[in-house]
Amino acid sequence: MMVENNLEQYRVFYCVAKCGSLTEAAKELSITQPAVSQAVKLLEDGVKTKLFQRTAKGVKLTKEGEILYAYVEKGYEQFALGEKAVKQMLNIELGEIKIGASDMTLQYYLLPILEKFHESYPKIKISVTNVPTPETLDNLLEGKIDFGIVTTPFTLPTDIESVAVQDVEDVFVAGRRFISYKNRMLDFKELENMQVICLEGNTSSRRYIEQFLKEKEVELNPEFELATSEMIVQFALRNLGIGYVVKDFAREFIEEGSLFELRFNQMIPKRQICIIRNKKSPLSAAAGKLFEMII
């Protein structure tokens with residue numbers, strides 16, 4: 001019967017049943033009493049039975065009306081809850097944000113912003129998928145995340161926009177076992193004979209250094225390929241090789257002297273941290289607010 005009758009008639013029916021009066025229902029609905037009576041009559045004609053009977057104080061539900069009201073009440077309350085949830089989302093009081101980020105972008109760029117956002121909007125749930133840049137791009141295209149925080153280089157797919165927000169610096173670091181390299185001006189060709197530690201192949205960092213060295217006619221043959229930059233630093237601290245990492249991961253140990261930065265006769269060009277999003281997928285109010293804070 002719901003398909004055959006106008007939802008407005010059910011709204012009027014619900015209000016009349018709740019108020020017990022056509023007049024009071026008209027006031028609550030901000031329509032005329034004849035309009036209320038007409039809506040009730042149309043609904044009764046549709047269900048082919050009387051839904052109200054008149055009393056000295058107004059109207060009350062018939063047995064058939066009580067049965068219908070039990071169902072309409074549940075639906076109406078669900079509509080009201082739905083409207084409330086939408087309003088809460090628009091007011092950033094409710095919702096979930098899904099983000100993709102690598103270890104580096106999460107730890108050294110995104111984390112302080114998430115902390116600030118959570119202080120302002122504590123009821124918003126934030127889910128972070130911590131994977132390398134190529135997987136973050138795939139997750140964005142598949143609609144699994146609202147936006148991603150990645151590092152160059154990457155190929156920008158159609159409909160994906162990118163905003164650069166911060167530079168990052170890549171370095172080679174080593175411990176005391178390799179002290180002979182300290183304060184020397186090295187050529188990148190010497191890396192071919194060094195025990196290099198770097199990230200696995202499916203990362204933007206690995207692709208970046210390999211492409212850069214290829215242009216210098218240098219082939220990188222890592223001694224160790226690890227999943228995280230933090231592990232690279234730990235391997236370097238234990239003198240297991242020369243680590244290639246974003247400088248922020250090793251900064252503390254460089255400053256205290258546990259590691260030193262190798263110097264080369266050319267600079268490794270800086271990369272960028274970028275925010276990426278799908279232009280065809282509108283952000284929720286909460287995701288939009290966080291996006292604004294990030295950029």
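Is Asp248 buried, partly exposed or exposed, and what is its relative accessibility? In this predicted model, Asp248 has a relative accessibility of 22% and therefore counts as partly exposed, since buried means under 20%. Its side chain meets that of Arg251 in a salt bridge, with 2.9 Å from N to O. Both residues belong to helix H9 (residues 247-256), where three residues, about one turn of the helix, lie between their positions. Arg251 is likewise assigned to the partly exposed class, at 34%.

Side chains of opposite charge can pair when their charged atoms come close. In helix H1 (residues 7-19), Arg11 and Glu8 are three residues apart and so separated by about one helical turn; the closest N and O atoms of their salt bridge are 2.8 Å apart. Arg11 is partly exposed at 30% relative accessibility, and Glu8 is partly exposed at 35%. A network of salt bridges links Arg206, Glu210 and Glu225.

Strand E7 (residues 170-174) runs antiparallel to E12 and is joined to it by two bridges; Val173 has Glu261 as its bridge partner in E12.

The largest nonpolar core comprises 39 residues, of which Ile97, Phe147, Ile149, Leu290 and Ile294 touch the most other members. Helix H5 (residues 103-120) supplies the largest share, seven residues. Beyond its sequence neighbours within four places, Ile149 contacts residues including Tyr109, Leu110, Ile275 and Ile294.

Conventions:
Residues numbered from 1 in each chain as written. Predicted model: local features only at pLDDT ≥ 70, side-chain atom pairs only at ≥ 80, totals over all residues. Heavy atoms only, no water. Pairing = 2+ DSSP bridges. Helix = DSSP H or I, 4+ residues; strand = E, 2+ residues; numbered from the N terminus. Core = buried A, V, L, I, M, F, W, Y, C linked by side-chain atoms within 4.5 Å. Buried < 20%, exposed > 50% of the residue type's maximum accessible area, 1.4 Å probe, protein only. Contact = heavy atoms within 4.5 Å. Salt bridge = Lys/Arg side-chain N within 4 Å of Asp/Glu carboxyl O.
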